[in-house]
Structures are given as structure tokens and as C-alpha cells.
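Me: I have a model to go through with you. Let us take it question by question.

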Amino acid sequence: MNFNDYYNYLNGYNDMNYMPNSNQMIEDLNYQSLMPNNMNTSNNQNNNIISTEEGFKRGNMFKNLYDEYKNLKPRKLTANSEREDMLMQIMEYNFAMIDLQLYLDMYPNDKDALKLFNTYLNNKKELTNMFEEKYGPLTIDSEVQRNNWLWDNSPWPWEVQK
Amino acid sequence: MWKYIKTLEYPVNIKKKDLRIAKYLVTQYGGSNGELAAAFRYLNQRYTMPDDKGKALLTDIGTEELAHVEIISTMIYQLMKDATLDELKKAGLDTHYAEHGRALYPTDANGVPFTIAYFATTGDPLADISEDMAAEQKARAVYENLLDLTDDPDVIGPLLFLRQREIIHFTRFKELYNEYKKKYKNKM
């Protein structure tokens, strides 16, 4: 499977005929498990941890801790490019891990939360590897710099993405 | 030690320059309740937490605050970067320009430079964590003030995200406080 197929699949573009061989891919459960929307969070003790997609938008993975201000709704996150879309998925898992990390610091015996943390970690790792192969390193110890120094060869996060 | 990840914690993509907002927003960079003060506060207090749980929580929240410094800095940079000298003057940022050009500088909204005197460390975990809880509440209140002052969705998005983080951090500090209060009863 090439990167574009994988990427489109992750973003649910399969029903828009982005993928030439969708049947084969739908059978591939490994890829399905990476889709944030398909993540099984129902085994969570009190069902208090929400999806990574919604949690990332809100800045809060915990249903009972979410507190709206003046009816302002979280911004809908849209990407302007394939690179940005892929990066946003990584950021989504990264954020879910940060929020669960702080929770696990306080409740280290919550095995359900730990399981979720590890699921997000694995998804993030896989996506990061694919992203870095195509767009360059996100961290200095990325393995994509085998032959070329690529660290300064991609946009810095504070630049406006067009 | 720390390792840099070449991405923000939450995306910032502000298309419309707005010096007025940049001028307010800077307080969450270098103001008394800003992200820089938060990062240093927790990372400085963590050494004398009485157990590994407290050391972990202060390290991890302090680390996340560094990512928030980057989000706020990015917002200010994007809001200011295309401004002409004339626009800077009109917005009252000519004094900033005189000192710093178009570079960033951590001050509060009144231009008062960041100082480490914005936070305390007593070495008493309950006192220190109480300060941390108050700091998160004050930062939340400032984010709400800032939200009242803008209608740009590109600015509102990150501000809402950061406001939720204050709520989460406050909750975790409060949990730690309650645990220490019980655990070290009569000992602190």
C-alpha cells in the first residue's frame, strides 16, 4: 500500500473513490484500528474519555471536566494540504497522550486508561514514521536522516501554512 | 532533558493580522499569569515534591506549559508579522518596535517585562501546589478576558484550547493537593 492510499483511508476518504483497491484495504484490520473514529473507548471504566478527534478539538479528553465558556464551540480543524492533514492526525494522538499522561500520573492503576495510552502511542508511532518518510523528521532522532540532513528542510511550526 | 518536536501542540494558523489582539495576547507569554511563568513555576517547584507522583505531575505539566509558550508566541508572531510601521504606531506598538523591532519579547499587556518574581517557591508542597492551583485559575480567567476581546475564529480556537488546559491542570493539581493533605497529615 502506498502512502496516499493509507492517508486517504485514515481520513475516511474511501467512500470518495480516492482508493483504487478499497476492498482489500477494508479487510485489513490493522489500518482500521488506526482510524481515530474507530477507536474503541467503550471499555473505559466510566466512559469518561472521549474520542481523540473531539478531545483534541476541545483541548480536553475528559467528558466530566469539559467546561464551555459562553457557548463558544471548539474550532473545527481543517487542513490546507495533505502534509498538514497527516500532521494533524499525529498531533491528535500526541494530545490524547498528553492528557492521559497527566491523568495516569494521578491514577497509575487505571489499566483501561493505560491501554488507551498505549493504543494512541502505537498509532502515533506508525503515523509519524509514514509522515517522516514523506515530509522529513519531526524529531532529531528520526531515522529518515540516514543519507541527508533534513532537519532544517521543512516548515517551522510557527510559520503560517498556506 | 527535553527533546523538540517540530509541531505545535495545537494548530495555529492566523490569516488576519491584528495588532490590537497581539498587544493583549502577549500577557499570556510574559505576564504574571502567563505560560512562561507557569512553565518555570512548576519545573522549579518539582525538585522538592515529597514523592514520585508529585515529581511526575509537575514535570509533565511544566513540560506542557513550554508547548503553550510556543502556541502563544506563534499567535503573536503571526498577528504581527506583516504589520507596517504605520500600523504599529497606530496600535501603540511603536514603543515595542523601538526596543525590539518586530521580534517577540515576553511582557504583560502593559509592556512590563517578564520577571521571575511572578512566582514563589516555599519548599512546602501544600503551599506550592496551592499557588499552582491559583495560577491555573488566574490563567483561565485571563483567557476568558482575551476571548471577550476578539471575534477572529483563528484566534478564538487556540484560546479555547488553552483555556481547557488550565481547567485540566487545575483539576490534577487539586487532586494532588488533596492526596498530600491526607498522606502527610500532621507531617506538613
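**Burial, core and interface**

Me: Is Leu58(B) buried or exposed?

Reply: This is a predicted model. Within 10 Å of Leu58(B) there are 27 other C-beta atoms. The cut-off for burial is 20 or more. Therefore Leu58(B) counts as buried.

Me: Which residues does Leu58(B) touch, not counting residues up to four places away in sequence?

Reply: Leu58(B) sits in helix H4 of chain B, residues 52-80. Leave out residues up to four places away in sequence, and its contacts are Tyr42(B), Gln45(B), Arg46(B) and Met49(B).

Me: Which element gives the largest share of the largest nonpolar core?

Reply: That core has 61 residues. Elements giving two or more residues come from chain A and chain B, including H6 of chain A and H4 of chain B. The largest share is 12 residues, and its source is H5(A).

Me: Which residues is Met75(B) in contact with, leaving aside its neighbours within four places in sequence?

Reply: Met75(B) is among the residues with the most contacts inside the largest nonpolar core. Beyond its sequence neighbours within four places, the partners are Val12(B), Ile14(B), Leu25(B), Val155(B) and Pro158(B).

Me: How many residues of the side of chain A that touches chain B are nonpolar?

Reply: On chain A, 27 residues contact 38 residues of chain B. Helix H5 of chain A, residues 82-106, supplies the largest share, 10 residues. By class, the side of chain A has 5 charged, 6 polar and, to answer the question, 16 nonpolar.

Methods:
Residues are numbered from 1 along each chain as its sequence is written. Chains are lettered from A and ligands numbered from 1 in the order in which they are written. This is a predicted model: local features need pLDDT of at least 70, side-chain atom pairs count only at pLDDT 80 or more; totals for chains, interfaces and linings use all residues. Two residues are in contact if their C-beta atoms, placed from the backbone, lie within 7 Å. Helices (H or I, at least four residues) and strands (E, at least two) are DSSP runs, numbered from the N terminus. Ala, Val, Leu, Ile, Met, Phe, Trp, Tyr, Cys and Pro count as nonpolar, Asp, Glu, Lys and Arg as charged, and the others, Gly among them, as polar. A residue is buried if 20 or more other C-beta atoms lie within 10 Å of its own, exposed if 12 or fewer, and partly exposed in between; C-beta atoms are placed from the backbone. A nonpolar core is a set of buried Ala, Val, Leu, Ile, Met, Phe, Trp, Tyr and Cys residues joined through C-beta atoms within 7 Å.
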